[in-house]
Amino acid sequence: MIVAFSVTPLGAGEAVGEAVAEAVRVVRASGLPNRTDAMFTSIEGEWDEVMAVVKQAVEAVQAHSGRVSMTLKADIRDGVTDGLTAKVARVERYLAEHPDGADG
């Protein structure tokens, strides 16, 4: 499965980078394939291991604030590995093959 999630401390003001960095640190330390962008961190693995990492990331942010907001989206598909990079590679390949958007 691939999970994209965002976790934010509430009541901590606008500067949340330090708390968010702690969540990303947890994800990266997990050893699971992951990617962080401006809005979400995505992580790939089996259900129990991914959800355990998400929980630890929330707890890391919660250490900075008693209240935390989390958004989570999951792609649950049996038998898929390396989906985190393969999905993006397919889109990039299509863009390269069809730069003007035409199928032919």
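Me: How many helices and strands does the chain have, and what pattern do they follow along the sequence?
Reply: This is a predicted model. The chain has three helices and four strands, and their order along the sequence reads β-α-β-β-α-β-α.

Me: How do you know that the chain is more spread out than a compact globule?
Reply: The radius of gyration is 16 Å, whereas the globule rule gives 13 Å for 104 residues. The value is well over the rule, so the chain counts as more spread out than a compact globule. Along the principal axes, the C-alpha trace spans about 55 × 30 × 20 Å.

Me: What is the strand order of the sheet, and which are the edge strands?
Reply: The four strands form an open sheet in the order 2-3-1-4, with antiparallel pairing. Strand 2 (34-36) and strand 4 (67-75) are the edge strands, as each pairs on one side only. From one strand to the next, the twist averages 20°.

Me: What makes strand 2 and strand 3 a pair?
Reply: Pairing takes at least two bridges, and strand 2 and strand 3 (residues 41-44) have three, in the antiparallel sense. Within this pairing, arginine 35 is opposite serine 42 of strand 3.

Me: Which strands does helix 2 touch?
Reply: Helix 2 (residues 47-62) packs on the sheet and touches strand 1 (2-10), strand 3 and strand 4. The direction of helix 2 makes about 15° with that of strand 1.

Me: Why is helix 1 called roughly antiparallel to helix 2?
Reply: Helix 1 (residues 17-29) packs against helix 2 at about 155°, with the axes 8 Å apart. Angles over 145 degrees count as roughly antiparallel, and therefore helix 1 is given that label relative to helix 2. Their crossing is right-handed.

Me: Which residues make the contact, and how do they divide into nonpolar, polar and charged?
Reply: Helix 1 contributes Ala19, Glu22, Ala23, Val26 and Val27, while helix 2 contributes Val53, Gln56, Ala57, Ala60 and Val61. Eight of the contact residues are nonpolar, one is polar and one is charged.

Methods:
Residues are numbered from 1 along each chain as its sequence is written. This is a predicted model: local features need pLDDT of at least 70, side-chain atom pairs count only at pLDDT 80 or more; totals for chains, interfaces and linings use all residues. Side-chain values use heavy atoms; hydrogens and water are left out. Helices (H or I, at least four residues) and strands (E, at least two) are DSSP runs, numbered from the N terminus. Axes are lines fitted to C-alpha atoms, for helices over the stretch in contact, and angles run from 0 to 180 degrees between N-to-C directions. Contact means heavy atoms within 4.5 Å. Angles under 35 degrees count as roughly parallel, over 145 as roughly antiparallel, 65 to 115 as roughly perpendicular and the rest as oblique. A crossing is left-handed if the near helix is turned anticlockwise from the far one by less than a right angle, and right-handed if clockwise. Ala, Val, Leu, Ile, Met, Phe, Trp, Tyr, Cys and Pro count as nonpolar, Asp, Glu, Lys and Arg as charged, and the others, Gly among them, as polar. The radius of gyration is taken over C-alpha atoms; the globule rule is 2.2 Å times the number of residues to the power 0.38.
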